[in-house]
Amino acid sequence: MKVYNTMSKGKEEFVPLEEGKVKMYVCGPTVYNLIHIGNARPMIVFDTVRRYFEYKGYEVNFVSNFTDVDDKIIKKALEEGVSSEEISKRYIAECKKDMEAMHIKPATKHPLATEEIGGMIELIRTLIEKGYAYEKNGTVYYRTRKFQDYGKLSHKNLDDLRSGNRSLLVTGEEEKEDPLDFVLWKPKKEGEPAWASPWGEGRPGWHIECSEMSKKYLGEQIDIHAGGEDLIFPHHENEIAQSEAANGKEFAKYWLHNGFLNIDNRKMSKSLGNFFTVREIGEKYDLQVLRFFMLSAHYRSPLNFSADLMEAAKNGLERILTAVEHLKFLQESASIEEIQAPENEALEKIQSYVTDFEKAMEDDFNTADAIAAVFELVKYANTTADGTSSKAYLEALLEKIVCLTDVLGLVVEKKEELLDTEIEALIQERQRARKEKNFARADEIREELLELGIVLKDTREGVQWKRA
Ligand code: AMP
Ligand code: ZN
């Protein structure tokens, strides 16, 4: 399998640190608002990367953090007159809902920066002991020039950075030994969340969070570190400087970065105000259409968001869903059970589309070509499956389409839907259970219905229900 490594600027053969296992860290969002679809791009593409490794039989330890202490969170908390914690908890919950709707698997671990402060303090202490960091008036800085390899990921030259940085000096930073030094710990300001540390009360810098959380949950060396390309510099460069100086070993073997989701060829971002939230898109489309749209481009290419492309994605996905529905219909009415002689040849053809799919994914996760292979398979299903097909042949087609689309995180089999009359019957059963004070059964029915997307509301006029 070939993966593009930002570090070497080329495609490399993927060789895991430990056979059969992948340790992967993806920088997560800062939680102060609903996420926009630009933030959703790394979530979708790296979830797909994870799914492909799992398809190949790897055990993937996937860690993705929530940055829940940050200037933007504090600002929002002040605006609303609530605590920073209330803001971050609220938007973590909202983000998880969006992730679920986009079929993003929960990470093996979603650490919160605020729950890992002790480890960050230890890491900073190690950096000071090794001479890579120093304290000035309650702030701890990283001594950038001491790290020989600084700039190796972003391919930047220290002296160019220095001349660029001079004009960017912010007040209060004159105390730094060098303009290139960055903050590991900052002192408390009035009204801000703070933790006790050997350098006084304060909070960690952003970069140290990921170095610590990656180390704690995945170890000192990991296979893949990923995020959007805006994170290459300074965030990932600084993470490397911190982790490698502290641990004395290579931090991550492969650095993967997704391209930007643009609008009118400009990066979608909160600060430019040119964004759509995932929630807004979800009002118009099933969110797997958004997922399909994102995967129709290579993850490293810029991708322009447009209504036309979303419609094209919707139609493309519909083609697959319709084919699956038709195959299921044929399967129910098929009279022949076993594979027929000519169908054996067709099975080989099906396998060739699977091979095309895998080849595309093995080439740095080329999901655009992988989707093309799925379309070919669907076209083949549409032309070869009919009323004379055996159940076994139809099953083979269905199984492959479902398996490949699952790697892309698409659910193509329509979920079982309850008829209105079935819902009413369950509601009546629940009412009976409540009358008999069998609340366990009543709750169970509510849960069952909820899983099928039916929400109950108890009112004075009786129970009302709606499809969520
Ligand atoms: P943030 O909350 O800004 O730290 O971003 C969370 C993740 O979303 C990071 O990996 C960013 O690189 C990524 N990201 C933000 N905006 C975009 C965009 N327009 N296109 C692609 N990725 C983005
Ligand atoms: Zn990070």
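Trainee: What angles do the 4 donor atoms of the zinc ion (ligand 2) make, and how is its site classed?

Mentor: The model is a predicted one, in which local features need pLDDT of at least 70 and side-chain atom pairs count only at pLDDT 80 or more, while totals for chains, interfaces and linings use all residues. Residues are numbered from 1 along each chain as its sequence is written, chains are lettered from A and ligands numbered from 1 in the order in which they are written, and side-chain values use heavy atoms, with hydrogens and water left out.

The angles among the 4 donor atoms of the zinc ion (ligand 2) run from 71 to 127 degrees, and the site is irregular (tetrahedral: four donors, all angles between 85 and 135 degrees; square planar for four or octahedral for six: opposite donors over 155 degrees apart, all others between 65 and 115; anything else is irregular). Four residues of the protein supply these donors to the zinc ion (ligand 2): C27 and C210 through SG, H235 through NE2 and E239 through OE, at 2.0 to 2.6 Å (donors are N, O and S atoms within 2.8 Å of the metal, or 3.2 Å for Na, K and Ca; water is not among the atoms, so sites may look incomplete). Along the sequence, the donor residues of the zinc ion (ligand 2) follow the spacing C-x182-C-x24-H-x3-E.

The peptide bond joining F233 to P234 is cis, with omega about 0 degrees.

Helix α7 in turn packs with helix α4: their axes lie 9 Å apart, at an angle of about 70 degrees (axes are lines fitted to C-alpha atoms over the stretch in contact; angles run from 0 to 180 degrees between N-to-C directions). The two helices α4 and α7 are therefore roughly perpendicular (65 to 115 degrees; under 35 is roughly parallel, over 145 roughly antiparallel and the rest oblique). From α4, the residues L123, T126 and L127 meet Q242, A245 and A246 of α7 (contact means heavy atoms within 4.5 Å). This contact of α4 with α7 comprises 4 nonpolar and 2 polar residues, and no charged ones (Ala, Val, Leu, Ile, Met, Phe, Trp, Tyr, Cys and Pro are nonpolar, Asp, Glu, Lys and Arg charged, the others, Gly among them, polar).

Helix α4 (residues 117-129) packs with helix α6 (residues 206-218) as well, at an angle of about 105 degrees and with the axes 9 Å apart. That angle makes α4 roughly perpendicular to α6. On the α4 side the contact involves G119, M120, L123, I124 and L127, and on the α6 side I208, E209, S211, E212 and K215. By class, the contact of α4 with α6 holds 5 nonpolar, 2 polar and 3 charged residues.

Definitions and conventions:
Helix = DSSP H or I, 4+ residues; strand = E, 2+ residues; numbered from the N terminus.
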